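Let's walk through a two-chain model together and look at how the chains meet. Have the picture open as you read.

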Amino acid sequence: MALTSNLNLLDRSLRGVIGICVTAFALFNGDLIGDVFIEVLLGIFGLLNLISLASGWCPVYHLAGINTRKH
Amino acid sequence: MQQIAKIKQDKTVKPRLIWACLCVALLVSAIYVTVSYRLTADITVRSELKAMAHITSLFSNELSQVNDASEVDTLLNEVLLSAVNTPAFITVTTAQQQWQKNLLLTPTERSSLLQLIPGTEDNADPIELNGKTYLWQRHQTGHYVITFVQETPALDITLSFVAKRLLVTSIIVFWIAVWLALTLASLIAKRAEQVNESLAYIATHDSLTGLPNRLYLIELLENSLGPATEDTDTPVDEGCLLIIDLDRFKEVNDSFGYAAGDTLLKEVARRVSELINAPAELIRTGGDEFFIWAPGYTIEKAKTLSLEIVNSCNSPILINGLTVNSGASIGISHYPSQAENTAGLIVCADTAMHKAKAMRSGWQVYDDKKIADYKDILQLRAELSDALEQQQIILYYQPKVDLASGEVIGAEALCRWQHPRLGLLGPAEFIDLIEHSGKVQEFGRYIIAAAAAQASQWHTEGLLVPIAINLSPYNLLDPGLAAFIGETLKRHRLPPQFIEMELTENETCINIDYIQSALAQLRELGVSLAIDDFGTGMSSLAYLSELRVNVLKIDRTFICDLTTNKGHRAIIAAAITLSQSFGCDMVAEGVETQEQARMLYDMGCRAAQGFLFARPMPAQEFHALLKQQKPQFSVT
């Protein structure tokens, strides 16, 4: 299963912004949340978005057969 | 005719699914948040209550050691101030006395709270007063009843405590739910699309050969012909429609079985597919009929293609170890020079194909001169039912003459269509239409009824002339035919020998067993049977002996050159001998000259019909002829 990019620029950058914000929040403002489990969840959520930013590929899109990238 | 597009266009599934999934996601999130909050609140209240129970039991312990009633007050003060830091009060009651202590509560609030405490022991539900929440405990020790009520900030604390976590987790849950919704919706929509596409494919393709079918052809032609509109996406300037009909498919089916027929069809489909190039398309509409729609083809190009196809179909195909060549007849029609719409184009190609088949010429281009014909054909077909209803189909009669005496010994009924617009039409112009219109049965019965009525009318006048009716082979397949004839004869009180059924030789062998039983029924009625056009059909002499007919009518092709053609003379002589051996009568058709009549008479033929004696004529004229002094004709 080759990781062919399936996100267009807007989708990718939006995910990037969300990913960075969420990861940063989880890493540096953990005290505000007060629960390690939720911190980890947020971390995963952010990380997935960062992967999408980096590779331009979304696993869920891949499974669902959606492609927002124009050919 | 946009059915296929309609099947494919169902795009509403996906958005609906997404909305449904999103709603479910929202609902799940809401339920999750509510349940979590209530759970936390419950646990907090319980722990709070436990603490209060602790205080109360402590207090009651202390109380049990007090002997003086005045000490109760001090004790109350101590407990309340040391253990409690929110608004609260404690009352202690005995049968005689009551002590109470307030902390940050007004007396009115206290009394209303006291009233709100239910008598039951269940204290899990907090009491609400003026927007504040209170918890209570009641304890009985000795003769003291202790009631402890305390305002609790537990719920607010819980709310602020769990709110942040709930917010974050519900965002994550919602995020997962949205992804799930998208994935599910896309998967299901994709599946539905696949199903729709395969449905459209099944609806427009033939399962045997995998070629497109009639529905597809109509759609294709509708889209290709005529000016460009919203519906027609690919109009063409010109094109040719080819109809290919296999010549020997039925024989292969009959002699080798359906599996062999299927093999033949598949092989032909494969061969023809290889011969044509896109955008030309091969379509199978059913049976052994194939269409090719070749956009951009000129007639010349179509002719070349036809030649290739005919050659290809003539090269043998191996079926069950035997080589079979199916042969093909192709009809070609050209758009727009010959027809401008789908129906017209198909009718033209079909007509040409039938012509090719009849001429055994392999292929045939639709004849330009007859452009208007198909319209006439279509119109005539539409007018047929009127014709039967309004009795426009009438019978003409041609006499059969006894060659020895010159007397009229019978009549052959021939149908004519007294058309209100086109005048008198001969059977050649409409019999085909009737046989393909599904009115064969009705038509056959109509003719039989008309002939029987005429015969009975003459019979009552004492003119004893049997009338012969030409039956279509399809009529013999009508299971109620014998019963109908019997009924008709009975109604007209006509002896059965005055009706004769003429069958052509080819017809009598389409389904020999069935037809034999049908003919046996007719024979039982007493109706006499004749074989028409004898000598030209394909039936064997064995069939002839089994059919046991009463009359043989030898075909006109043998009569017309009787005087010059030795071979035909020999055939006639043989037929005459044959008829004598079978014990049936013999009638010569198409006698035109005196010489032919004399020769036939000399050879032993006793009866004849033809232009020499009379052409077919209306009933009144025939009636007049019968009324003449006998003999009506001088023959020898």
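Across the interface of chain A and chain B, the rule turns up zero residue pairs in polar contact (both at pLDDT 80 or more); a polar contact is a pair of N or O atoms within 3.5 Å, where within protein one must be able to donate a hydrogen and the other to accept it, and residues adjacent in sequence count only if both atoms are side-chain atoms. So who sits on chain A's side? Helix H2 (30-33), helix H3 (36-55) and helix H4 (59-64) of chain A are the elements that give two or more residues to the side touching chain B, with helices being DSSP runs of H or I, at least four residues, numbered from the N terminus. H3(A) supplies the largest share, five residues.

This is a predicted model, where local features need pLDDT of at least 70, side-chain atom pairs count only at pLDDT 80 or more, and totals for chains, interfaces and linings use all residues. Residues are numbered from 1 along each chain as its sequence is written, chains are lettered from A and ligands numbered from 1 in the order in which they are written, and side-chain values use heavy atoms, leaving out hydrogens and water.

Now for the contact itself (heavy atoms within 4.5 Å): 17 residues from chain A and 12 residues from chain B take part.

Finally, chain A on its own has four helices, in the pattern α-α-α-α.
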